[in-house]
Amino acid sequence: MTVPTPEAPYGVDPLGRPYSDKSKVVAGILQIFLGGFGAGRFYVGSTGVAIAQLFTCGGLGFWALIDGILFLTSNDRTDKQGRVLRG
């Protein structure tokens with residue numbers, strides 16, 4: 001475990017990338033259940049993609065479901081600042 005610094009208050013991943021204050025579990029759950037509104041994407045700061053999901057009802061649900069599963073299983077999803085989502 002690394003010591004938090006001002007540049008990485010939540011620590012860093014094994015590759016040295018700082019962790020986000022956002023959680024990939026919260027993003028994934030929001031995306032699965034409210035992905036038609038782009039909730040998971042709004043949560044992590046991806047406003048453009050969130051608006052696209054909002055206008056397409058999450059790609060009729062398919063895009064939102066797949067995106068939510070990827071949030072939960074992927075270890076390289078990032079927030080608006082490019083920080084890796086915490087697990």
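This is a predicted model: local features need pLDDT of at least 70, side-chain atom pairs count only at pLDDT 80 or more; totals for chains, interfaces and linings use all residues.
Residues are numbered from 1 along each chain as its sequence is written, and side-chain values use heavy atoms, with hydrogens and water left out. Local features need pLDDT of at least 70 and side-chain atom pairs count only at pLDDT 80 or more, while totals for chains, interfaces and linings use all residues.

The protein chain has 5 helices and 2 strands (DSSP runs numbered from the N terminus, with H or I over at least four residues for helices and E over at least two for strands). Reading from the N terminus, the order is β-α-α-α-α-α-β. Along the principal axes, the C-alpha atoms fill a box of roughly 45 × 20 × 15 Å. Of the 87 residues, 33% count as buried, meaning under 20% relative accessible area with a 1.4 Å probe, protein chains only.

Now for the helix pair. Helix α1 (residues 24-34) and helix α5 (residues 62-73) pack at about 165 degrees, their axes 8 Å apart; axes are lines fitted to C-alpha atoms over the stretch in contact, and angles run from 0 to 180 degrees between N-to-C directions. The two are therefore roughly antiparallel, the label for angles over 145 degrees.

Key: Angles under 35 degrees count as roughly parallel, over 145 as roughly antiparallel, 65 to 115 as roughly perpendicular and the rest as oblique. Buried means under 20% relative accessible area, exposed over 50%, partly exposed in between (1.4 Å probe, protein chains only).
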